[in-house]
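Work through the exercises below with the sequence and the model open side by side. Each task is followed by a solution in steps.

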Protein chains: 2
Amino acid sequence: MNHIPMRMNAPAVRPQKMTRRALAKQQTREKVLQSARDLFIERGYEGATIRDIARAAGMSTGAVFASFTDKTELFDAILNDDFAALQDPMQDALVNGKTTREALVGMFGAAYRAHADQLPLIQAALAASWTRTPEAERLRRESLRPIRALVIQALERGVEHGELAARVDLRLVADMLWDLYLAGYRPAAFDGLSVENQTERLAQRIDVILAALKA
Amino acid sequence: MNHIPMRMNAPAVRPQKMTRRALAKQQTREKVLQSARDLFIERGYEGATIRDIARAAGMSTGAVFASFTDKTELFDAILNDDFAALQDPMQDALVNGKTTREALVGMFGAAYRAHADQLPLIQAALAASWTRTPEAERLRRESLRPIRALVIQALERGVEHGELAARVDLRLVADMLWDLYLAGYRPAAFDGLSVENQTERLAQRIDVILAALKA
């Protein structure tokens with residue numbers, strides 16, 4: 001059984017024929033998303049108001065609210081785009097990693113690299129993740145599911161190749177790795193750790209976990 | 001060498017003879033802290049204003065500002081008290097734990113228990129920890145240092161007793177355990193996990209880490 005899945009990401013959907021109205025609406029949405037992303041990175045989540053975002057996008061606050069109910073929805077849309085964008089580089093790292101270690105370090109390293117130029121946005125997301133509603137937390141976990149599946153696959157492949165012993169629930173191990181990966185944004189945010197050092201630091205932690213699973 | 005330290009916590013300093021003025025000032029400070037704690041738990045950090053806190057304490061906002069520069073300083077004072085309060089129960093668990101596992105599970109379980117009735121405060125603290133200044137982060141780490149030292153001691157004792165092999169830097173392992181402990185507040189906050197289940201969940205993760213260190 002081959003655990004490396006086909007690329008099953010939906011292609012960026014953009015219907016060939018859009019009404020002028022629908023096209024304008026989508027362009028507005030994208031302009032809002034880009035302005036919001038820039039401002040969240042510059043000022044953090046609390047620091048950027050809908051009014052600022054509208055001004056930066058060159059439109060009225062009403063036009064922003066036509067696309068998004070509130071700032072939370074706008075923020076989540078940006079984060080969902082970012083998590084979806086991790087899928088491809090992480091899957092490439094999984095396919096290219098010759099060992100479990102190489103796959104895992106490559107996957108999480110690719111994620112760190114993808115976020116390196118927008119650390120304040122990630123910090124704001126991690127902060128917000130602690131004080132959201134249970135429903136928002138449910139959606140957050142939902143959007144992370146495909147990436148979690150890739151981490152589990154990397155571990156399963158290690159077991160299949162006789163590299164790891166499955167004496168522990170691999171989902172438990174995947175969740176530990178994920179929590180350690182997230183914690184790894186802290187030294188990047190506060191100590192200015194480079195992506196390379198951030199990845200090397202996580203690699204040391206991955207080594208501890210993999211030692212527990214050694215076949 | 002005995003790694004279990006003497007109790008070296010400073011006793012709660014309350015000089016025998018205080019001027020009436022100093023006593024009043026301290027009482028004000030304690031009243032503000034209690035009101036702020038209650039409101040942060042009830043409404044979260046963003047939701048509680050200095051004005052609300054002053055009203056709940058039955059004083060003017062000016063009286064609050066006489067004790068604390070701003071809401072951040074007030075919040076940090078509460079959190080520092082809480083971390084200082086973890087020291088004793090965690091040290092007891094370390095002393096009473098017959099194995100490394102028992103010590104670690106007991107220590108972190110004691111911390112979870114201490115925070116069980118103020119989860120929203122902990123969530124607000126974890127959120128705030130991602131978006132503070134580097135200086136605030138430095139102070140946060142400073143205040144955690146004694147607890148981190150206890151975790152390292154539990155691991156060192158395991159090595160001394162021949163239970164663990166020190167093939168990995170024990171500070172690295174202690175930091176992993178700490179990050180996993182913090183991540184363990186998420187299911188408590190969002191899935192209503194009881195303290196017992198929260199502790200059991202962390203125990204499973206501790207088992208993975210200890211398997212890597214098995215002598």
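Predicted model: local features only at pLDDT ≥ 70, side-chain atom pairs only at ≥ 80, totals over all residues.

Residues are numbered from 1 along each chain as its sequence is written, chains are lettered from A and ligands numbered from 1 in the order in which they are written, and side-chain values use heavy atoms, with hydrogens and water left out.

**Exercise 1. Describe the elements and the domains of chain A.**

Step 1. Chain A has 10 helices and zero strands, where helices (H or I, at least four residues) and strands (E, at least two) are DSSP runs numbered from the N terminus. The C-alpha atoms of chain A fill a box of roughly 60 × 45 × 30 Å along the principal axes.

Step 2. The domain assignment divides chain A into domain 1 (18-68) and domain 2 (71-213), with bounds that come from an automatic or database domain assignment. The C-alpha centres of these two domains of chain A lie 29 Å apart.

Step 3. In chain A, 14 residues of domain 1 are in contact with 14 residues of domain 2, contact meaning heavy atoms within 4.5 Å. The two domains of chain A bury about 1300 Å² between them, 70% of it on carbon and sulfur atoms; buried area is the accessible area (1.4 Å probe) that two parts lose on being put together, summed over both. On the side of domain 1 of chain A, the residues that lose the most area to domain 2 are R37(A), I41(A) and Y45(A), together 48% of what that side buries.

**Exercise 2. Determine how chain B is related to chain A, and through which surface they meet.**

Step 1. In the interface, 32 residues of chain B are in contact with 32 residues of chain A, and the two chains bury about 3000 Å² between them, 67% of it on carbon and sulfur atoms. W130(B), R186(B) and F190(B) supply 29% of the area that chain B buries against chain A, more than any other three residues.

Step 2. Of the interface residues of chain B, 100% are also interface residues in chain A, so the copies meet through the same surface.

**Exercise 3. Characterise the largest pocket.**

Step 1. A pocket is found on a 1 Å grid over the protein atoms alone, as an open set of points where a 1.4 Å probe fits, with protein on both sides within 12 Å along at least five of seven lines, and its lining residues have an atom within 4 Å of a point. The volume of the largest pocket is about 1300 Å³, a volume being the space filled by probe spheres set on the points, which are joined across faces, edges and corners.

Step 2. The largest pocket is lined by 49 residues, and the closest to its centre are D179(A), L182(A), A183(A), D179(B) and A183(B). α7(B) gives the most to this lining, with nine residues.

Step 3. By class, the lining of the largest pocket has 19 nonpolar, four polar and 26 charged residues; Ala, Val, Leu, Ile, Met, Phe, Trp, Tyr, Cys and Pro count as nonpolar, Asp, Glu, Lys and Arg as charged, and the others, Gly among them, as polar.
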